[in-house]
Amino acid sequence: MDNPFVFGQIAWGEYFTGRDWFTERLVSKLTSNKSVILISPRGWGKSSLVFKVGSIITDRNYNYRTCYIDLHSVHSEETFLKTFMHALSAVGAPLLHTSNNQKQQRIDILNLPEYIAIRDRIKLVLFIGNIQKIALFKNSLQFQQKLKRVLKLQNHCTYCLYGNNQQVTRFLLDTPYKPLRTIGNIFHMPRIQFNAWVVFIQNRFQYTGKQISEKVAADITLKANRLPYYVQLLAWHSWIRTIRTCDQQIVEESIEHLTLQFSLQYQTLTDHLTTKQRSYLKALLSIGEKMCSRENLQKYNLGTSANVARLRNSLKNKEIIETEREDTFLTDPFYGYWLQNHYFRG
């Protein structure tokens with residue numbers, strides 16, 4: 001029997017849940033000739049969401065096509081253009097006629113989506129993932145300016161650029177003068193609602209003939225902090241340990257297994273932190289954001305309130321913690337469990 005949960009890959013069909021209103025908002029924007037920039041921390045399900053959005057667009061609109069481009073292995077403008085052309089060849093087998101001028105050739109390639117859309121009398125939506133990779137290009141700013149100029153002139157194509165929160169913000173969107181900032185509306189991806197996760201987990205267990213109570217499904221959701229990768233990961237491990245009914249003990253055993261499985265990775269990560277950064281994490285896990293009182297600053301050896309802010313920013317830049325409104329939390333909830341139950345107890 002196949003496990004009804006997935007992690008580390010696209011959550012298709014029945015494996016996808018939540019964010020109904022946000023999905024509809026993206027669909028509405030992209031089918032109204034408005035491009036968007038979608039950002040979130042890693043593990044929040046961006047790739048699953050954009051594939052869901054793309055499938056809705058093509059299901060509802062006969063004249064729309066979608067193209068998915070992943071820049072994960074792209075490290076230069078040249079490899080970007082090759083990846084760009086390769087992805088588009090699956091959409092419309094473009095016949096490219098370029099000039100002998102190298103600069104004009106590159107612009108012609110960037111204009112391929114518009115050429116295909118006009119030629120085939122369609123609307124084309126392009127989803128470009130790991131957009132933060134553009135920041136690593138030689139002459140990155142010049143390439144961004146070129147990309148912006150070309151994309152702004154395309155009337156038959158819309159774009160969804162998406163990537164990891166800290167990297168996209170820091171390298172591509174941190175000032176009003178960054179070119180990509182004006183390509184489209186910026187959307188910060190929300191976490192999936194608590195109740196949606198609970199219902200999803202119960203339904204997936206029931207689908208395979210197993211049972212899990214609302215309370216235990218809620219515990220999985222809380223332990224994984226509503227983060228898609230980690231909710232599915234913990235639910236996956238809890239499911240394989242369940243014969244008939246998943247209980248609290250099974251969930252705890254699954255968490256312990258995961259923390260031991262990743263312990264070497266967690267140890268290496270922690271060893272590369274400064275003493276003050278480790279102290280900040282200890283305070284965050286113990287007392288949350290209440291660490292700036294004089295008593296707590298002394299207790300956890302954090303220095304001053306200004307130093308706490310610097311520590312928070314440094315850990316955000318390392319993508320170890322994330323903030324959402326007034327909440328600060330670890331991007332990997334099981335790392336927090338390992339710190340509390342293994343590292344800080346040692």
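Me: What share of the 346 residues in the chain is buried?

Reply: Buried residues make up 50% of them. Buried means under 20% relative accessible area, exposed means over 50%, and partly exposed lies in between, with a 1.4 Å probe and protein chains only. This is a predicted model, in which local features need pLDDT of at least 70 and side-chain atom pairs count only at pLDDT 80 or more, while totals for chains, interfaces and linings use all residues. Residues are numbered from 1 along each chain as its sequence is written, and side-chain values use heavy atoms, with hydrogens and water left out.

Me: Why is Ile122 called buried?

Reply: Its relative accessible area is 9%, and the cut-off is under 20%, so Ile122 counts as buried. Ile122 sits in the loop between helix 5 (112-120) and strand 3 (123-129). Helices (H or I, at least four residues) and strands (E, at least two) are DSSP runs numbered from the N terminus.

Me: Which residues is Ile122 in contact with, leaving aside its neighbours within four places in sequence?

Reply: They are Asn63, Arg65, Ile116, Ala117 and His156. Contact means heavy atoms within 4.5 Å.

Me: What makes a set of residues a nonpolar core, and which members of the largest one touch the most others?

Reply: The set must consist of buried Ala, Val, Leu, Ile, Met, Phe, Trp, Tyr and Cys residues joined through side-chain atoms within 4.5 Å. The largest such core has 49 residues, and Ile201, Tyr280, Leu281, Leu302, Phe334 and Tyr335 touch the most other members. Among the elements that give two or more residues to this core are helix 8 (194-207), helix 10 (228-240) and helix 16 (333-343). Helix 10 gives the most, with six residues. Apart from this core lies another, of 36 residues, among them Cys67, Phe137, Cys157 and Tyr159.

Me: What is Phe334 in contact with, beyond its neighbours within four places in sequence?

Reply: Its contacts are Lys223, Ala224, Tyr230, Leu233, Leu234, Ile255, Leu258, Thr259 and Tyr266.

Me: How do you know that the buried residues of helix 1 are on the same side?

Reply: Helix 1 (residues 20-30) has the buried residues Phe22, Thr23, Leu26, Val27 and Leu30. They cover an arc of only 140° around the axis, which puts them on the same side of helix 1. The arc is that of the directions from the helix axis to the C-beta atoms. An α-helix has 3.6 residues a turn, so residues three or four places apart point the same way. Asp20 and Trp21 are exposed, on the face turned away from the buried side of helix 1. The cover over its buried residues includes strand 1 (36-40), helix 2 (46-60) and strand 2 (64-70).

Me: What makes strand 8 and strand 9 a pair?

Reply: Two strands pair if DSSP finds at least two bridges between them. Four bridges join strand 8 (residues 321-324) to strand 9, and the two run antiparallel. Glu324 has Asp327 of strand 9 as its bridge partner. Their hairpin has two residues between the strands, and Arg325 takes a positive phi near 55° there.
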